[in-house]
Amino acid sequence: MINITNLKKKIIYRSKYRGTKEMDSLLGSFTKKYINVLKDNELQYLSDLLECDDENLYKYNQQQETTIKISSNPVTELFKNYIYVNE
């Protein structure tokens, strides 16, 4: 069984330390908004999404064509439609 607390910590870390400030901000704010409302299986979807490279994640969020296939699930749909507003 997956330890949800550890999974959330891993997701938060991976969302905030991506390599570029833009993706740190985009993924960090997305994760902060949704991490405590996602169901256990959706947290796994988010963890899987964070395995994708920054360029493809950014393109996916911006509704552009990606060079990899990103599976469609409730979390990827949330991310695709997520609009980051600098706070």
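R14 counts as buried, at 15% relative accessibility, where buried denotes under 20% relative accessible area, exposed over 50%, and partly exposed the range in between (1.4 Å probe, protein chains only). The model is predicted, so that local features need pLDDT of at least 70 and side-chain atom pairs count only at pLDDT 80 or more, whereas totals for chains, interfaces and linings use all residues. Residues are numbered from 1 along each chain as its sequence is written, and side-chain values use heavy atoms, with hydrogens and water left out.

The side chain of R14 is joined to that of E51 by a salt bridge with an N to O distance of 2.6 Å; the term requires a side-chain nitrogen of Lys or Arg within 4 Å of a carboxyl oxygen of Asp or Glu. Because R14 belongs to helix α1 (residues 4-16) and E51 to the loop between α3 (40-49) and α4 (54-61), the pair ties together parts that are 37 residues apart in sequence. Helices (H or I, at least four residues) and strands (E, at least two) are DSSP runs, numbered from the N terminus. In contrast to buried R14, E51 is exposed, its relative accessible area being 57%.

The C-alpha atoms of R18 and D54 are separated by 7.3 Å. Both R18 and D54 are buried, with a relative accessible area of 18% for R18.

A polar atom of the R18 side chain additionally lies 2.8 Å from the backbone oxygen of L50. When residues up to four places away in sequence are not counted, R18 contacts (heavy atoms within 4.5 Å) M23, D24, L27, L50, C52, D53, D54 and L57.

A further salt bridge links K80 and E77, whose closest N and O atoms are 3.5 Å apart. Both residues lie in helix α5 (residues 74-80), 3 residues apart, about one turn of the helix. K80 is partly exposed at 22% relative accessibility, and E77 is partly exposed with a relative accessible area of 27%.

Note on methods
Polar contact = N/O pair within 3.5 Å; in protein donor to acceptor, adjacent residues only side chain to side chain.
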